[in-house]
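Biologist: I would like to learn how to read a model like this one, feature by feature, with the general idea before the particular case. Could we begin with the overall fold and then work down to single residues?

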Amino acid sequence: RNLTGGFPVQGEPKNKTGAATPSGSDQAGDDSDDSNVCLDDIGVDIRGWLAGAIGSSMLTLAIVYMEIKDHRVARMYLRSAICIREEVFGSVSTEHGEALHVYGVLNQKQDQLVIALRYFRDALHVREKASGHAHESTAASCIAMGEVLVSLGHGEDANIYLLRGINIRESLLGPKDAVVKGLKDKWGKLMAASMQYDPVKQGEALPHFSRRSPESFLHGFAHREETRGQSAAASAATT
């Protein structure tokens, strides 16, 4: 890749021509498609032995801005951190997987669940190769995917990822882990909800009262009046 742009000390990252890259809504619009973050779009220069430290610092800044809910600035730093870490540490590395996971968290906080699911899936694939299947970071990505799938209404798929995350953390940290206990409760509720099938909610049947016409309430009216009269006569005779 042609990395001729300089790394700005202050302000927003610049592209190859020296102009600031779009931010805010423009950057949010760029994430609506299926294209991944590209280094050429950011235009940062990662040459130098401090590139890894710079990427880690930008990731830390992004997390801080996420905590204060300044998502525009957090997105800017995260896009740069993803590019730097991928180029410095490689596409299959724990550092790159962490950056992808944090970017998914940012989109989850902004209710962009489809984009968040895509980045969580990418982070999971990277972490499986870099850290292994039985690692705490892999479990974190599985759990995050399960939570997003629950929000999207895919309960069956969410059960798979949540159960996998539970098993990984339980094997590493034990059954008394606080996260494991909370996830088991959530997984149990999902399983209970999936076992209760309501055809009315699924749109396969109508509730009983909606199938009755106004004329149906008049059926048997004469018979009920006759029965009521006989009951009244019998009670009067006994008294």
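This is a predicted model: local features need pLDDT of at least 70, side-chain atom pairs count only at pLDDT 80 or more; totals for chains, interfaces and linings use all residues.

Biologist: Which secondary structure elements does the protein chain contain, and what pattern do they follow along the sequence?

Modeller: The protein chain has ten helices and zero strands, so that is the place to begin. Read along the sequence, the pattern is α-α-α-α-α-α-α-α-α-α. Of the 239 residues in the protein chain, 36% are buried.

Biologist: How should I read the packing of H3 against H4, and at what angle do their axes cross?

Modeller: Two packed helices are described by the angle between their axes and the distance between the axes. Here the axes of H3 and H4 come within 8 Å and cross at roughly 155 degrees. Because angles over 145 degrees count as roughly antiparallel, H3 and H4 are described as roughly antiparallel to each other. The crossing in which H3 passes H4 is left-handed.

Biologist: Which residues of H3 and H4 meet?

Modeller: On the H3 side they include Gly-55, Met-58, Leu-61, Ala-62 and Tyr-65, and on the H4 side they include Tyr-77, Ala-81, Ile-84 and Arg-85. Gly-55 touches Ala-81, Ile-84 and Arg-85, leaving aside residues up to four places away in sequence. Gly-55 and Ile-82 are 27 residues apart in sequence, yet their C-alpha atoms are 7.7 Å apart in space.

Biologist: Is Gly-55 buried or exposed?

Modeller: Gly-55 is buried, because its relative accessible area is 0%.

Biologist: How many aromatic pairs does the structure hold, and how would I read one of them?

Modeller: The structure holds two aromatic pairs. One of them is formed by Tyr-65 and Tyr-77, which are stacked, with 5.9 Å from centre to centre and 15 degrees between the planes. This pair links distant parts of the chain, since Tyr-65 is in helix H3 (residues 51-67) and Tyr-77 is in helix H4 (residues 71-89), twelve residues apart. The partners fall into separate accessibility classes, because the cut-off for buried is under 20% relative accessible area: Tyr-65 is partly exposed at 24%, whereas Tyr-77 is buried at 19%. Leaving aside residues up to four places away in sequence, Tyr-77 touches Met-58, Leu-61 and Ala-62 as well as Tyr-65.

Biologist: What should I look for in a nonpolar core, and which residues of the largest one touch the most other members?

Modeller: In soluble globular proteins, nonpolar side chains tend to be buried together. The largest nonpolar core in this model has 21 residues, of which Met-66, Tyr-77, Leu-78 and Leu-100 touch the most other members. The elements giving two or more residues to this core are H3, H4, helix H5 (94-109) and helix H6 (113-130). H4 gives the most, with eight residues. There is also a second, separate core of eleven residues, among them Leu-117, Leu-124, Leu-149 and Ala-158.

Biologist: How do helix H7 and helix H8 pack?

Modeller: Helix H7 (residues 136-152) and helix H8 (residues 155-173) have axes 8 Å apart and pack at an angle of about 155 degrees. H7 and H8 are therefore roughly antiparallel to each other, and H7 passes H8 in a left-handed crossing. The residues making the contact include Ala-139, Cys-142, Gly-146 and Leu-149 of H7, and Ala-158, Tyr-161, Leu-162 and Gly-165 of H8.

Biologist: Finally, how do I read the backbone angles, and where are Lys-69 and Asp-111 found?

Modeller: Most residues other than glycine have a negative phi. Lys-69 has a positive value, with phi near 65 degrees, and is found in the loop between H3 and H4. Asp-111 also has a positive phi, near 60 degrees, and lies in the loop between H5 and H6.

Biologist: Are Lys-69 and Asp-111 buried or exposed?

Modeller: Lys-69 is exposed, with a relative accessible area of 68%, and Asp-111 is exposed, with a relative accessible area of 65%.

Terms used. Residues are numbered from 1 along each chain as its sequence is written. Side-chain values use heavy atoms; hydrogens and water are left out. Rings of Phe, Tyr and Trp (its six-membered ring) pair if their centres lie within 6.5 Å; planes under 30 degrees apart count as stacked, over 60 as edge-to-face and the rest as tilted. Helices (H or I, at least four residues) and strands (E, at least two) are DSSP runs, numbered from the N terminus. Buried means under 20% relative accessible area, exposed over 50%, partly exposed in between (1.4 Å probe, protein chains only). Contact means heavy atoms within 4.5 Å. A nonpolar core is a set of buried Ala, Val, Leu, Ile, Met, Phe, Trp, Tyr and Cys residues joined through side-chain atoms within 4.5 Å. Axes are lines fitted to C-alpha atoms, for helices over the stretch in contact, and angles run from 0 to 180 degrees between N-to-C directions. Angles under 35 degrees count as roughly parallel, over 145 as roughly antiparallel, 65 to 115 as roughly perpendicular and the rest as oblique. A crossing is left-handed if the near helix is turned anticlockwise from the far one by less than a right angle, and right-handed if clockwise.
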